[in-house]
Structures are given as structure tokens and as C-alpha cells.
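Hello,

Here is the structure you asked about. Have a look at it, then read the notes below.

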Amino acid sequence: MSAKGIKAKPVEYGEVEEATNLIKITGGTLTFNTSDDAINSAGYVEITRGTLNIQTGDDGVHADTKLTLGTDGGLERDPEININNGYEGLEAGTLIIYSGRYYVIANDDGINAAGGASSGYDPNND
């Protein structure tokens, strides 16, 4: 059971060799209304095209390792991500934005390249 919309969970040691924990979205329209992360990967997330409409109680899009949005030389409109409510908007250890449109309403950080996990507001960690 999970409160996340789409997730790539960590692979247990020895379960699968060379697992990347990759979530890749290349088009379509996705709508999320989740109490936890809308999209969460223990590794990587790549979103190159499509429209995402997100309302969440935590992160809109979270990747522990790397979040890549759009494509190098891509169209201005691809992808389009609308985070209408969330604690963190776009969060990853490394965040690369090539192209696209991003609208973020967040209670903490709109874009956060610090990675890690959020557990609530900490006024000493802004």
C-alpha cells in the first residue's frame, strides 16, 4: 500500500543486478491527487514530454539521485508540469532542466536540488 502516485522503490541487495530505479515519462496527460509524493524514485526520474497536473501532500516530483526535465534543445512547452499544491515542488539530488513549462505552488521549496527526504518545515533549514 502506498500514498504515492508513481514510485520506483529501492531494490533489495541481490534482487536485481544493475537496477536503475528509473521512472521515464515521454508523453500523455497525467493527473495526480496524492497524500504523499506524486512521482517518487529512489534513483532517477526523466520527464521529456507530456502534461502533469499535480496536487500532493508532499513532493510533486522527487528523485533521490537525478531529475531530468525536458530535452537538450527541446521545445519550450515540453513538458508542462503544474504543481497546484505540495510541500516541495521539484526535488532531487541533481536537477537538470532543459526545456518545458513549470508552474509550482509549494509550502516549502518550489525547486530543491538538495535531495534527501522532507519531513516537514524546519525554520533552521531554509
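The chain exposes about 7,100 Å², and carbon and sulfur atoms supply 44% of that area. Accessible areas come from the Shrake-Rupley method with a 1.4 Å probe, and for residues only the protein chains shown count as cover.

Two notes on the source. This is a predicted model, where local features need pLDDT of at least 70, side-chain atom pairs count only at pLDDT 80 or more, and totals for chains, interfaces and linings use all residues. Residues are numbered from 1 along each chain as its sequence is written, and side-chain values use heavy atoms, with hydrogens and water left out.

Confidence comes next. pLDDT is the predictor's confidence in each residue, from 0 to 100. The chain has a mean pLDDT of 87, and 82% of its residues reach 70 or more. Over residues 121-126 the pLDDT is below 50. Beyond near neighbours in sequence, this stretch has five contacts in the model. A contact means heavy atoms within 4.5 Å.

Now the fold. The chain has nine strands and zero helices. Both are DSSP runs numbered from the N terminus: helices are H or I with at least four residues, strands E with at least two. Take contacts between residues at least 6 apart in sequence: 42% of them join residues at least 24 apart.

Which strands pair? Two strands pair if DSSP finds at least two bridges between them. Strand β4 (residues 44-56) and strand β6 (residues 80-85) run parallel, joined by five bridges. There, Gln55 has Asn85 in β6 as its bridge partner. Four bridges join β6 to strand β8 (residues 101-104), and these two also run parallel. Here Glu80 has Arg101 in β8 as its bridge partner.

Of the 126 residues in the chain, 37% are buried. Buried means under 20% relative accessible area, exposed over 50%, and partly exposed in between (1.4 Å probe, protein chains only).

Two loop residues are worth a look. Is Ala38 buried or exposed? Ala38 counts as buried, because its relative accessibility is 0%. Ala38 sits in the loop between β2 and β3 (39-41). Leaving aside neighbours within four places in sequence, its contacts include Phe32, Ile54 and Asp59.

Lys9 lies in the loop between β1 (6-8) and β2 (22-34). Lys9 is exposed, because its relative accessible area is 53%. Beyond neighbours within four places in sequence, Lys9 is in contact with Asn21 and Ala42. The C-alpha atoms of Lys9 and Gly43 are separated by 8.4 Å; along the chain, these residues are 34 apart.

Best wishes
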